[in-house]
Amino acid sequence: MGGLWVVAEPGPDHGLARISTEIATLARDLGARGEHEVVGIVVAAEPAEPAAELARYLPRVLAIQDPAADERAWAAVAAAHLAALAEGDSPDLVLTGAGPDGRDVAGALSALRGLGVLTNATSVAWDGDESGAGGPSVEMSVFGGKLLTSSGFTGGRGIVTVRPNVVTAAAAAAPGKVEQHASRATPLPAVRVVDRVSEAGAAAPIEEAKIIVAGGRGVGGPDGFDLVGALAQVLGGAVGATRAAVDSGWIPYSQQIGQTGKIVKPELYLALGISGAIQHKVGMQTAGTIVAVNRDADAPIAEFADLLVVGDLFEVGNALLEQLRSRSG
Amino acid sequence: MDESAVAQTYRLTEDQGLLREAVRVLADERVAPRAAEIDRTAEFPEDLRQLLAAQDILALPFPEEYGGLGGDLLTVCLAVEQLSRACATTGLILAAHELGALPIVLAGNAEQRTRWIPRLASGEWLICFALTEAEAGSDVAAARTRAIRDGDAYRITGSKRFITHGSVADLVTVFAVTDPEAPRHRRLSCFVLEVPAPGFSVTRLEHKMGLRGSPTAELAFDDVRVPAANRIGEEGDGFGIAMRTFERSRPAIAAQAVGIAQGALEAATAYAANRRQFGQRIGDLQMVSAMLADMDAATESARQVLYKACAEIEAGSADAGRWSAMCKLVAGDAAMRVTTDAVQVLGGYGYIDDFPVERMMRDAKITQIYEGTQQIQRLVIARALLGKGS
Amino acid sequence: MRIVVLVKPVPDPASAGERLGPDGRLDRAAAPAVVNGNDEYALEAALKLSAAAGDGSEVTLLSMAPASAPETLRKALAMGATRGVLVTDPALAGSDALSTSRVLAAALRTLEFDLVLAGVDTSDGVGGTVAAAVAAHLRLPYLSYAARIEPDEAAGTVRVRRISPTGYDLLEAPMPALISCTQALGEPRYPSLKGIMGARSKEIANRSLADLGLDPATVGGAVAATALRETRMPPPRAATEVVRGAPADGAARIAELLATRRLI
């Protein structure tokens with residue numbers, strides 16, 4: 001089976017991950033130019049709901065049911081099915097998200113089928129004309145945002161992992177069809193899921209947020225993050241943090257942005273009490289708009305923010321909160 | 001000076017390079033963030049002492065056979081320099097520990113070395129060097145603390161002043177008069193006292209201009225009993241042991257001074273590279289450029305004399321005393337000059353504690369005073385030049 | 001317990017000297033090389049597990065890197081790794097993720113281990129797919145994004161907490177297994193000075209492609225599945241606007257900017 005494949009990733013409550021709707025939109029546009037076949041592939045214990053959701057974005061969705069997808073670590077299960085599908089007819093392009101599940105399935109599939117991988121794509125187009133004969137042209141931002149590269153596959157086909165927020169998900173004019181697909185995959189070694197544990201303070205993947213309000217060392221403690229959270233809430237965004245705040249135990253590691261945390265590209269990054277040192281900068285400097293509040297006018301963040309308000313982050317932050325609330329209120 | 005003697009040169013080995021880098025990283029990441037607080041609270045940084053112990057830094061001066069790292073003099077100085085760049089108090093932890101232990105390492109017998117060195121090397125024990133008295137500073141031989149033989153022990157009575165680590169040490173290397181009638185340089189003997197001990201007390205802690213996190217104590221000995229087995233060397237060897245100790249401990253203080261100067265130079269340079277006045281960064285204004293250049297030259301000169309001195313002393317050069325005195329003289333004066341200029345470069349900001357240079361200037365001053373004042377160092381050098389023994 | 005840790009020398013991100021050379025490959029001379037930050041977390045985890053498992057446990061570093069790599073690996077040895085294995089060959093320069101995974105898998109086939117630990121991604125590539133690919137090549141159970149690792153040697157299994165958006169998933173698999181490691185596992189130790197001096201006498205064994213039974217025509221830069229076509233600088237950001245004064249004024253300016261850019 002050839003064409004452009006969108007690998008659906010599991011979302012909360014056995015649904016569809018948001019990034020898969022974005023990638024489906026991107027794939028649909030790509031397929032439309034040059035008339036390539038685009039198909040979504042759902043591997044799940046109960047694929048009906050995510051497949052139906054994905055079908056809102058794609059003309060054709062294959063639903064592969066496998067209880068192992070729930071009982072085992074998902075990516076290896078999915079990769080085995082994808083590899084079996086690819087045996088017949090190698091896909092021209094496989095698209096996954098650039099988050100943990102997407103990377104895991106991309107890596108495994110790459111090994112199983114000998115396909116190259118281009119990662120963290122910020123755009124995917126056709127190289128040359130739209131026949132796709134030249135293969136895809138994939139744009140990536142590297143070295144923490146210092147350089148933009150365009151790359152392709154030497155054999156014209158491969159796997160691309162795509163960043164969140166690169167495309168806004170948009171449903172197709174008419175929903176597509178879901179086909180059940182019985183897959184005879186040779187499974188990869190099983191990794192059993194013993195338990196799924198919810199922890200207080202865990203939040204939606206921060207890479208997907210369009211607005212992030214982040215706190216750093218200047219926030220001073222876990223209570224200070226109440227302000228960060230309040231601003232995030234009124235702006236409809238997510239809470240982020242620097243390494244210093246996470247190391248001090250004020251906020252979980254899942255919210256950490258930077259070199260050893262997450263790389264994000266939101267439309268707005270509001271940085272409170274963050275100096276902007278390189279380890280953090282590489283995680284967020286490609287954000288659309290960067291606003292910083294800091295007591296130190298010479299902090300490194302002053303070099304790359306759009307707006308720096310010099311002052312106490314609590315005074316400025318609370319004033320901003322008040323003003324934003326009165327706007328929407 | 002014997003011109004025909006083979007001149008020593010230093011060359012950093014790969015290990016020394018790695019060691020220096022490792023201590024530098026530790027100093028930047030773990031010590032520097034604590035430096036201002038240590039100065040402000042004037043509290044001994046027990047956490048950093050534990051860190052130095054855990055990283056084997058306190059093991060550097062000790063022989064490998066007793067659990068040390070067998071670092072030569074240059075190696076120890078490299079570590080003191082890197083630590084002092086971030087915090088002079090922390091650099092002194094290593095330097096003062098080495099100072100207190102040198103008599104054991106240089107002149108202790110096998111039993112004494114086996115008894116004490118392993119736990120000094122592991123950092124479990126700290127040791128201090130108690131020679132100075134209220135009436136015996138530069139004039140070491142004028143010490144009056146008395147050690148009277150009593151069977152298989154001595155009873156020590158007297159007091160010591162300005163003793164670094166005196167209040168936190170587990171071992172006290174104390175010099176006391178065993179023979180008041182002997183010639184000046186044979187009156188003293190050297191003992192190691194394990195504390196706490198009956199009759200031993202800390203009677204005073206000084207409030208100092210700088211190195212405020214390093215406890216400087218007055219120690220009182222009221223008929224303190226020390227076993228004869230704790231005497232280092234023979235009776236009357238004390239003065240000689242002290243002089244041999246200084247030969248190796250003065251470079252460590254020079255290293256502290258070089259480190260302080262380097263820290264000040266870096267702070268001043270960073271400031272001058274960013275601060276703008278008259279439409280340009282002040283580092284490009286010639287009077288400031290000149291100051292920075294002179295600061296760099298002074299620091300580097302002091303560093304090179306220090307490293308060379310380490311090579312000479314380690315090689316057992318006949319000129320070791322002159323080298324030891326010279327490196328400390330040059331480095332102490334360099335540190336005072338460079339830190340004073342650093343404050344000047346920062347101007348008003350240099351005078352307030354938002355920036356580290358005022359602390360560095362206060363820290364630097366003592367390097368011209370302790371471990372032998374600059375005046376004493378000059379005496380030593382002049383005597384070597386003129387060919388007299390000391 | 002025998003643990004292999006995959007480590008990659010990368011340009012020091014703190015040096016801000018990362019750049020591509022004229023051939024489109026990473027210019028490794030442009031910045032000093034250090035061990036990839038995330039790999040240090042993996043190594044720290046390995047050292048802790050090895051210490052807990054007691055005598056006979058060892059930690060082996062495995063790296064596919066230029067011949068100059070031993071310098072960079074020294075710090076990892078100084079942290080406490082037992083030995084290193086370096087796969088190096090000029091043909092491997094410019095390898096893509098797929099080729100890298102094949103080479104590492106081939107090297108692992110020559111080693112005995114209970115666990116292979118790797119960082120989740122590298123600071124130069126940030127792809128995060130190599131660990132999964134290596135596991136697939138070797139048909140090893142793959143447990144990723146570990147915040148905690150608990151082996152049960154008696155049972156021959158390992159449990160891992162995999163970070164999830166809501167908290168974590170508790171995974172279990174038989175050993176030998178491959179685990180990708182996150183920062184949540186704990187800060188890497190500073191090498192002690194004893195460790196630094198001891199590192200000199202630790203062995204780093206070189207392996208060539210021939211030693212691994214790899215046909216040079218199947219791996220390396222020449223057969224990369226991906227190719228860089230062009231680069232450009234990102235559009236420069238506008239100069240920073242700096243606002244001082246009363247907090248309310250600063251807040252107002254922020255709100256104004258957000259409104260202008262339709263963010264609120």
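This is a predicted model: local features need pLDDT of at least 70, side-chain atom pairs count only at pLDDT 80 or more; totals for chains, interfaces and linings use all residues.
Residues are numbered from 1 along each chain as its sequence is written, chains are lettered from A and ligands numbered from 1 in the order in which they are written, and side-chain values use heavy atoms, with hydrogens and water left out.

**Chain C as a whole**

- Chain C holds six helices and 13 strands. Helices (H or I, at least four residues) and strands (E, at least two) are DSSP runs, numbered from the N terminus.
- The C-alpha trace of chain C spans about 65 × 45 × 40 Å along its principal axes.
- Of the 264 residues in chain C, 54% are buried. Buried means under 20% relative accessible area, exposed means over 50%, and partly exposed lies in between (1.4 Å probe, protein chains only).
- Take the contacts in chain C between residues at least 6 apart in sequence: 70% of them join residues at least 24 apart. A contact means heavy atoms within 4.5 Å.

**Where chain C meets chain A**

- This contact involves 81 residues of chain C and 88 residues of chain A.
- Chain C and chain A bury about 6900 Å² between them, and carbon and sulfur atoms give 57% of that. Buried area is the accessible area (1.4 Å probe) that two parts lose on being put together, summed over both.
- Q183(C), R229(C) and R237(C) supply 11% of the area that chain C buries against chain A, more than any other three residues.
- Ten salt bridges are counted between chain C and chain A. A salt bridge is a side-chain nitrogen of Lys or Arg within 4 Å of a carboxyl oxygen of Asp or Glu.
- E172(C) forms a salt bridge with R192(A), with the closest N and O atoms 3.1 Å apart.

**Where chain C meets chain B**

- Here chain C gives eleven residues and chain B gives 17 residues.
- The area buried between chain C and chain B is about 1300 Å², with 62% of it on carbon and sulfur atoms.
- On the chain C side, Y190(C), L193(C) and M197(C) lose the most area to chain B, together 54% of what that side buries.
- Three salt bridges cross the interface of chain C and chain B. D15(B) and R200(C) meet in a salt bridge at 3.0 Å, N to O.

- Six strands form an open, parallel sheet in the order 12(A)-11(A)-13(A)-14(A)-15(A)-13(C). Two strands pair if DSSP finds at least two bridges between them.
- The edge strands are strand 12 (238–241) of chain A and strand 13 (241–243) of chain C, and each pairs on one side only.
- From one strand to the next, the twist averages 20°. Axes are lines fitted to C-alpha atoms, for helices over the stretch in contact, and angles run from 0 to 180 degrees between N-to-C directions.
- Four bridges link strand 14 (residues 289–294) and strand 15 (residues 307–310) of chain A. V291(A) has L307(A) as its bridge partner in strand 15 of chain A.
- Helix 6 (residues 224–235) of chain A lies across strands 11, 12 and 13 of chain A, at about 170° to strand 11.

**A covered strand in chain B**

- In a regular strand, side chains alternate between the two faces of the sheet.
- Strand 1 (residues 127–130) of chain B is covered on both faces: I127(B) and F129(B) are buried on one side, C128(B) and A130(B) on the other.
- Strand 1 of chain B runs parallel to strand 4 (residues 171–177) of chain B, joined by four bridges. A130(B) has V174(B) as its bridge partner in strand 4.

**Cysteines without disulfides**

- The whole structure has zero disulfides over all chains. A disulfide is a pair of cysteine sulfur atoms within 2.5 Å.
- C77(B) has its closest cysteine sulfur in C310(B), at 3.7 Å, which is too far for a bond. C77(B) is buried, at 0% relative accessibility.
- C128(B) is in no disulfide, and the nearest cysteine sulfur, in C190(B), is 11 Å away. C128(B) has a relative accessible area of 1%.

**One loop residue, D127(A)**

- D127(A) sits in the loop between strand 5 (117–126) and strand 6 (136–142) of chain A.
- D127(A) is partly exposed, at 28% relative accessibility.
- Beyond neighbours within four places in sequence, D127(A) is in contact with residues including G134(A) and R229(C).
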